[in-house]
Amino acid sequence: MEMVQIIFLTVLVFFVLVTIHEWGHFYFAKRAGILVREFAIGFGPKLFSFKKNETRYTLRLLPLGGFVRMAGEDPELVQIQPGQTIAVRLNQDQITHLYLDQLDQRKNVVRGTVEEIDIEEHLFVKLDVDGDIQTIAVHPQAMMVTKGQETQIAPYNRQFGSKTVGQRAMAIFAGPLMNFFLAFVLFAAYIMMAGVPEENPQHLKIGQITEGKPADRAGLKPGDIIDTINGVDIGTDSAKMIEMIGKSTDKVMHWTIIRDGVEKNIDVTPELIEGQEGGKVGIVPDYPMRSASFVETIKYSGIAMKNTTIRIFDGFRMLIFGQFKLDDLGGPVRTFEVTGQIAKQGIAQLTSWAGILSLYLGIFNLLPIPALDGSRLVFIGVEAIRGRKVDPNRESMVHIIGFAMLMLLMLAVTYNDILRLVKG
């Protein structure tokens, strides 16, 4: 039963993170009057879908993200050419459906040969119906039907490209923005559950010990009170302790701890962890906590946002300068694995981890990498500076190539994750 709960919580975290991101795109696109054709969670084949108003909501097989498909972003409609025979259905002298195939099977329709058509600007079709030329208005929400599929037409004023630079930029930026907002809320929720450190604690206690690390091998245990290190009184100064440990890589340190009221002397030798600076022993101090006020909750949420952002950019810096091994890279499988491990620690820790993931997702999507939101914002920025749009075909090609490269990287890290799991 516990495993089912952990799996459910893990899936729920990813569902919420992706949904809030895509909802940001969706909401501001709708506000700008853009026709949103699809709101999708996941990629690949559809598992479940339903349509409400103008948008189809879908859940897809591969849980690698999601997307909001806006009218005008990609070629999306079969083009109707002059001379082509079609059938149309009318309602109050306006075309509500344009049928491109199986014309003989359509009932209550008008069949004719297209003389002229405009379903973007002026919304009309000029048909030759048995020698009678008729010009018929097209409803702005008319459906084009071919091969059993209905697709709503998109007049130019409903397309992404018709909107101002500001409206388009906001529709793109809103996804990461929602992740930043969610991260702040999740950090605040964590602080409300976990509390904040007391201003004047009486001692510094060990809260967690990483298995297999120097502290664990030396015999330190959670709950031990740290009295002195190398004869220096630590008191409640965790910064002093961390500084001393960091400067003592591979050097024996003499710790005096108090366990169950009894003083004990333990020797600990900090070690260097690849990719990190300074010695580490593998402990997390246990700070005495108290409930946070509303103002403290806002304050510490902001601090958590700042500190986590710094750590994320440190990770990017290490990635750029090659300060990592292949085993250090993780994809969706590893992220699911870690999320499941954290879910075992309780809802408070899972909430904090979800906040970190949400912040990371927002920052990562703003990187100027083709196919990500950051790259699309770069193109919009170039347009704002030049005063004219970048060739849509060239921009689409850049995004397609970028998406393909991201998928290849995703496959590589996923393969690496699976190997790691198989090897234990």
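**From a surface patch to the overall fold**

In this predicted model, a nonpolar patch on the surface is formed by Phe8, Leu12, Phe15, Val16, Leu47, Phe48, Phe50, Leu59, Leu61 and Leu62, which together have about 930 Å² of accessible area. At least two residues of the patch come from each of helix H1 (2–31), strand E1 (36–52) and strand E2 (55–70), and H1 gives the most, with four residues. Phe48, one of the patch residues, has its place in strand E1.

Strand E2 also holds Arg60, which has a relative accessible area of 16% and is therefore buried, the cut-off being under 20%. The side chain of Arg60 is joined to that of Glu38 by a polar contact of 2.7 Å. When neighbours within four places in sequence are left aside, the residues in contact with Arg60 are Glu38, Ala40, Ile41, Gly42, Phe43, Gly44, Pro45, Lys46, Leu47 and Phe67; among them, Leu47 also belongs to the nonpolar patch.

Turning to the whole protein, its secondary structure comes to nine helices and 18 strands. The radius of gyration is 29 Å, well over the 22 Å that the globule rule gives for 424 residues, so the protein is more spread out than a compact globule. Its C-alpha trace spans about 105 × 50 × 40 Å along the principal axes.

Of the 424 residues, 38% count as buried, while the accessible surface comes to about 24,000 Å², with 58% of that belonging to carbon and sulfur atoms. Among contacts between residues at least 6 apart in sequence, 60% join residues at least 24 apart.

Definitions and conventions:
Residues numbered from 1 in each chain as written. Predicted model: local features only at pLDDT ≥ 70, side-chain atom pairs only at ≥ 80, totals over all residues. Heavy atoms only, no water. Patch = residues over 30% accessible without salt bridge, like charges linked within 9 Å, V, L, I, M, F, W, Y side chains within 5 Å. Areas by Shrake-Rupley, 256 points an atom, 1.4 Å probe, with all protein chains shown as cover. Salt bridge = Lys/Arg side-chain N within 4 Å of Asp/Glu carboxyl O. Buried < 20%, exposed > 50% of the residue type's maximum accessible area, 1.4 Å probe, protein only. Polar contact = N/O pair within 3.5 Å; in protein donor to acceptor, adjacent residues only side chain to side chain. Contact = heavy atoms within 4.5 Å. Rg over C-alpha atoms; globule rule 2.2 N^0.38 Å.
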